[in-house]
Amino acid sequence: MSEKKQPSVLDGFKTFLTRGNVVDLAVAVVIGTAFTNVVNSVVKGMINPMVGAFGTKNLDNYSSCIKDPCTGTGDTATGVRVMWGSVLGSTLTFLITAAVVYFLMVLPMSKYLARAAARQKAKEGAQEVIEVSELEVLKEIRDALVTQRGAGHNEALVAQRDSEHKER
């Protein structure tokens, strides 16, 4: 009896790492992290100052007090505050990130994939036309052969009858 050798944990780990999905995922995480820094800079450097034209430059300072007394900031704050400014800032960051990802990555990629699918479909359509025409030609050849056999068979029968008539 031959025993099948179980793959080692190291071999399994190597297989896992060499799959394309893991590498693609790692690249996506690294790029996503770098991209997050860019978006945060845009929000803090451009969006917050625009919002600051109407109030404070830092969105995190916007809050509402739902239980008095709301005094102090950070750990020394008293009362109950709703920090809606930080929620607004995070929402703007998310929307900007989503818009950039959609318009610079998803939309161009979907257009490219649609064009590639159309080219592939056109190529398959042309291949199908060629296959259909070849099939039609083969059917015509088959029909011609059947006709020739039938005609040759009939001629042989006629010749056989004629020879039988002559013998009588």
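Modeller: Start with residues 21-43: their end C-alpha atoms lie 32 Å apart, and the span is 100% helix and 0% strand. Bear in mind that this is a predicted model.

Colleague: Where does UniProt place the feature "transmembrane region"?

Modeller: The UniProt record, an unreviewed entry, puts that feature at residues 21-43 and at residues 82-105. Such annotations may be inferred rather than shown by experiment. In the model, residues 82-105 are 92% helix and 4% strand, with 36 Å between the end C-alpha atoms.

Colleague: What is the overall pattern along the sequence?

Modeller: Reading along the sequence gives α-α-β-β-α, which comes from three helices and two strands.

Colleague: How confident is the predictor, going by mean pLDDT?

Modeller: The mean pLDDT of the protein is 77, and 77% of the residues reach 70 or more. Among the elements, helix H1 (residues 9-18) has the highest mean, 81, while H3 has the lowest, 78. Where pLDDT is low, the predicted coordinates should not be read in detail.

Colleague: Why is Trp-84 called partly exposed?

Modeller: Its relative accessible area is 38%. Buried means under 20% and exposed means over 50%, with partly exposed in between, so Trp-84 with its 38% counts as partly exposed.

Colleague: Which residues is Trp-84 in contact with, leaving aside its neighbours within four places in sequence?

Modeller: Trp-84, which lies in helix H3, is in contact with Tyr-62, Ser-63 and Ser-64. Ser-64 is 20 residues away along the chain from Trp-84, yet their C-alpha atoms are separated by 7.4 Å.

Colleague: Which residues form the nonpolar patch on the surface?

Modeller: Trp-84 is one of them, together with Ile-66, Val-80, Val-82 and Leu-88, and the patch has about 420 Å² of accessible area. Strand S2 (80-82) and helix H3 (84-167) are the elements giving two or more residues to that patch.

Colleague: How many salt bridges does a search of the whole structure find?

Modeller: One. The side chains of Asp-143 and Arg-142 meet in it, at 3.1 Å from N to O.

Colleague: Why is the pair Asp-143 and Arg-142 called a salt bridge?

Modeller: The cut-off is a side-chain nitrogen of Lys or Arg within 4 Å of a carboxyl oxygen of Asp or Glu. The pair has 3.1 Å, so the label applies. Side chains of opposite charge can pair when their charged atoms come close.

Colleague: What share of the protein counts as buried?

Modeller: Of the 168 residues, 6% do. The accessible surface comes to about 14100 Å², and 64% of that belongs to carbon and sulfur atoms.

How values were computed: Residues numbered from 1 in each chain as written. Predicted model: local features only at pLDDT ≥ 70, side-chain atom pairs only at ≥ 80, totals over all residues. Heavy atoms only, no water. Patch = residues over 30% accessible without salt bridge, like charges linked within 9 Å, V, L, I, M, F, W, Y side chains within 5 Å. Areas by Shrake-Rupley, 256 points an atom, 1.4 Å probe, with all protein chains shown as cover. pLDDT = per-residue confidence, 0-100. Buried < 20%, exposed > 50% of the residue type's maximum accessible area, 1.4 Å probe, protein only. Contact = heavy atoms within 4.5 Å.
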